[in-house]
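Please keep the sequence and the structure in view while reading.

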Amino acid sequence: MSCTTSAKIGGQGAVNIQGEDQKKLEVISNEVFSSCLRSSGRTGIIASEEEDVPVAVEESYSGNYIVVFDPLNGSSNIDAAVSTGSIFGIYHPNDECLADFGDDVSALDQEKQKCIVSVCQTGTNLLAAGYCMYSISVIFVLSVGKGVYSFTLDSMYGEFVLTREKVQIPKSRKIYSFNEGNYQMWDDKLKKYIDDLKIPDPKPYSARYIGSLVGDFHRTLLYGGIYLV
């Protein structure tokens, strides 16, 4: 029996670890990502924004790479058909973390807790990172530490085609992108900086904000400007 589109959108009735209401497509996306990563034979630990704690891959399938991901970023825009995306990062293998953690994190010994903490690394430790944006076209952006490359899905062949090489953010473009609803929570220096952007000199910066990190970041990557998370 086929699943209708209406059955896949809307709220799931649950809240994720970030305190956000989960959407049905978020849950489906998380299941797809987790299943593919577990069965790849390359991953030892996977950490999803939709899960409370990192998950150890079953020993019979496990490798030792650490993968962190947001299966569906910008999910609050799903019902409005605004661009969404998936974000991922891959860290160095960790042979010490080939263990079955189970569900009770409080009962873990120090070694296993250390393995869980190992997913909380800085971006400078990444082996690879990227995102996939779902919009009028499907764009896959990837870096393995030597430049940024952008691929576009060719729906006829079902393959991603390289469309941009060594992408760099343009240095001069008067665009800013951020959630101004957070303005009162910023420190005074940041407030002054943002206020200065709006002063005509000779023209003020233009505001462009989607509310989807992947969409806003991708526009900034191609057109330049300032993006505040």
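Two strands are said to pair if DSSP finds at least two bridges between them. The model to which this is applied here is a predicted one.

**Strand β5 and its partners**

In this sense β5 pairs with two other strands: with strand β3 (residues 43–48) in the parallel sense over five bridges, and with strand β6 (residues 84–91) in the antiparallel sense over six bridges. Eight of the nine residues of β5 (residues 65–73) are buried, so the strand is largely enclosed by the rest of the structure.

| Partner of β5 | Sense | Bridges |
|---|---|---|
| β3 (residues 43–48) | parallel | five |
| β6 (residues 84–91) | antiparallel | six |

**Helix α3**

Which residues of helix α3 are buried? Within this helix, which spans residues 188–197, the buried residues are K191, I194 and L197. They cover an arc of only 120° around the axis, which means that they lie on the same side of α3. The face turned away from that buried side carries D188, K189 and K192, which are exposed. Among the elements that cover the buried residues of α3 are β11 (175–177) and β13 (226–227). At its N-terminal end the helix is capped by D187, of which a side-chain oxygen lies 3.2 Å from the backbone nitrogen of K189.

**Two loop positions**

S75 is placed in the loop between β5 and β6, and with a relative accessibility of 10% S75 counts as buried, because the cut-off for that class is under 20%. Leaving aside neighbours within four places in sequence, S75 is in contact with K23 and E26, and with E26 there is a polar contact from side chain to side chain at 2.8 Å.

P170, in turn, is located in the loop between β10 (159–164) and β11. Is P170 buried, partly exposed or exposed? Its relative accessibility is 29%, so P170 counts as partly exposed. When residues up to four places away in sequence are not counted, P170 touches T220, L221, L222, Y223 and G224. For one of these, L221, the separation from P170 is 51 residues in sequence, whereas the C-alpha atoms of the two residues are 7.5 Å apart in space.

Note on methods: Residues are numbered from 1 along each chain as its sequence is written. This is a predicted model: local features need pLDDT of at least 70, side-chain atom pairs count only at pLDDT 80 or more; totals for chains, interfaces and linings use all residues. Side-chain values use heavy atoms; hydrogens and water are left out. Buried means under 20% relative accessible area, exposed over 50%, partly exposed in between (1.4 Å probe, protein chains only). Helices (H or I, at least four residues) and strands (E, at least two) are DSSP runs, numbered from the N terminus. The arc is that of the directions from the helix axis to the C-beta atoms. Contact means heavy atoms within 4.5 Å. A polar contact is a pair of N or O atoms within 3.5 Å; within protein, one must be able to donate a hydrogen and the other to accept it, and residues adjacent in sequence count only if both atoms are side-chain atoms.
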